[in-house]
Amino acid sequence: MKKTICFIILLALTVICAAGAAADDAPANLVLQTSQSQLAAGDTLTVTMNIKAVKPVGRVTASVSYDSSVLKFVSGSGAKDAGGVIQIEQLNGLDTSATITLTFTAASAGSSNISVTSCAVYDAFDEQYELAGAAAAVSVTDETQTTQQQTQPSQTSPATDANGVPTQGVLTDLTVVNGKLVPPFMYSIHDYSVTVPYDVTKVEITGKTASLQDHIWYTGNEDCEVGLNVRTITVTDINGNATTYTINVTRLDKDKDETTAATAAAPNDTSADSSSGSEKVTVSTDKDIKQTLLPALYIILGVLVVALVIVIIWIKGKTSGSKEQDRKNTKQRSKIKVSGSKNGRDNRKKK
């Protein structure tokens with residue numbers, strides 16, 4: 001009996017440990033959050049999908065279903081609505097977390113489940129990991145409660161400061177490190193573009209909310225890849241009203257960046273007037289100077305090599321000629337000496 005009980009306890013501990021290990025080894029997990037669970041018709045609902053992964057998340061795809069008769073889809077990062085089903089595809093850079101924000105408007109009284117029916121993350125090598133689904137329920141109140149809420153506009157209408165800027169739910173400043181916003185920031189402009197050179201690998205974007213009670217969400221990563229990098233900032237006020245700002249960061253590739261830099265660095269032609277007329281002065285870039293001088297240097301170097309070869313051949317020829325002349329002179333002297341000796345012997349015979 002004791003052995004049986006011990007065996008059962010051991011088996012239970014093994015199952016629990018295996019389940020815990022499996023949970024720890026999960027490559028990624030999904031948490032679904034809503035800004036509120038009860039709304040009145042016309043209210044704004046913000047749904048946030050928070051993804052945490054072991055490896056960097058390069059891309060996220062997901063399908064989200066909802067009741068289109070109760071809720072009306074407004075906007076979302078990388079989201080397309082097909083009437084009750086939202087298809088999402090979002091690039092995420094190299095961060096190990098990703099945030100997807102969806103905005104709805106309460107259309108009519110009723111209840112709706114917001115369900116993530118499928119979700120997959122892809123790492124930097126495009127390896128896919130399927131995530132477990134998640135769901136949240138919201139309800140929209142009837143017309144009586146909606147009418148009562150609408151009779152008190154001062155409670156839901158956002159206040160503005162002396163310059164007409166809302167005091168909550170918007171950005172009052174947007175800072176981009178290593179880049180410049182186009183167009184210049186204004187709280188009511190929600191789409192911007194930033195172009196950075198190839199050498200810039202990080203672009204840090206920071207937003208300042210109008211109220212300390214505003215909630216701010218960032219998507220994307222400060223690491224900047226070549227090409228388009230989409231970054232979003234969503235500001236949600238205490239009433240659940242959300243405003244999303246999108247920043248499209250484009251990092252130039254190396255070749256295009258060098259061409260752009262050379263064009264920007266080349267100065268315009270300038271002219272200087274003189275008594276004899278106008279003289280046009282053109283300033284060349286370093287690249288143009290190199291392209292002009294290098295062929296000339298190669299020609300000069302070739303001429304010097306040919307001249308050196310000619311001098312070596314001339315010296316060698318002169319040396320050979322001198323040796324040949326010495327041999328001829330030596331041979332001639334030998335003949336003269338032999339001839340003199342022979343004449344002397346002949347003269348002695350005659351005597």
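Lys-202 counts as partly exposed, at 40% relative accessibility; the term covers values between buried, under 20% relative accessible area, and exposed, over 50% (1.4 Å probe, protein chains only). Lys-202 forms a salt bridge with Glu-222, and the closest N and O atoms of the two are 3.9 Å apart. A salt bridge here is a side-chain nitrogen of Lys or Arg within 4 Å of a carboxyl oxygen of Asp or Glu. Lys-202 lies in the loop between E13 and strand E14 (205–209), and Glu-222 in the loop between strand E15 (215–219) and strand E16 (227–236), so the pair ties together parts that are 20 residues apart in sequence. Strands (E, at least two residues) and helices (H or I, at least four) are DSSP runs, numbered from the N terminus. Glu-222 is partly exposed as well, at 34% relative accessibility.

The structure is a predicted model, in which local features need pLDDT of at least 70, side-chain atom pairs count only at pLDDT 80 or more, and totals for chains, interfaces and linings use all residues. Residues are numbered from 1 along each chain as its sequence is written, and side-chain values use heavy atoms, with hydrogens and water left out.

**Salt bridges and charges over rings**

The whole structure contains four salt bridges. Side chains of opposite charge can pair when their charged atoms come close. Three of the residues involved, Arg-59, Glu-89 and Asp-126, are linked in a network. The table lists salt bridges from this structure.

| Salt bridge | N to O distance |
|---|---|
| Arg-59 and Glu-89 | 3.3 Å |
| Arg-59 and Asp-126 | 3.1 Å |
| Lys-202 and Glu-222 | 3.9 Å |

Arg-59 belongs to strand E4 and Glu-89 to strand E7, and this pair links parts of the chain 30 residues apart. Arg-59 is buried, at 18% relative accessibility, whereas Asp-126 is partly exposed, with a relative accessible area of 47%.

Arg-59 also lies over the face of Tyr-122, 4.0 Å from the ring centre. A charge sits over a ring if NZ of Lys or CZ of Arg is within 6 Å of the ring centre and within 35 degrees of the ring normal. The charged end of Arg-251 is likewise placed over the ring of Tyr-198, at 4.8 Å from its centre.

**Aromatic pairs**

A pair of aromatic rings is described by the distance of the centres and the angle of the planes. Rings of Phe, Tyr and Trp (its six-membered ring) pair if their centres lie within 6.5 Å; planes under 30 degrees apart count as stacked, over 60 as edge-to-face and the rest as tilted. By this rule there are four aromatic pairs. In one of them, the ring centres of Phe-185 and Tyr-245 are 6.4 Å apart and the planes stand at 45°, so the pair is tilted. Phe-185 is in the loop between strand E12 (171–176) and strand E13 (191–196), and Tyr-245 is in strand E17 (residues 242–251), so the pair ties together parts that are 60 residues apart in sequence. Phe-185 is partly exposed at 23% relative accessibility, while Tyr-245 is buried at 0%. Elsewhere, Tyr-66, Phe-73 and Phe-104 form one aromatic cluster.

**Nonpolar cores**

A nonpolar core is a set of buried Ala, Val, Leu, Ile, Met, Phe, Trp, Tyr and Cys residues joined through side-chain atoms within 4.5 Å. The largest has 35 residues, and those touching the most other members include Met-49, Leu-71, Ile-86 and Phe-104. The strands that each supply at least two residues of this core include E1 (28–34), E3 (44–53) and E9 (110–122). Apart from it lies another core, of 17 residues, among them Val-170, Leu-171, Tyr-192 and Val-235.

Contact means heavy atoms within 4.5 Å. Beyond its neighbours within four places in sequence, Phe-104 has contacts that include Tyr-66, Leu-71, Phe-73 and Ile-86.

**Confidence**

The protein chain averages a pLDDT of 78, and 73% of the residues score at least 70; pLDDT is the predictor's confidence in each residue, from 0 to 100. Where pLDDT is low, the predicted coordinates should not be read in detail.
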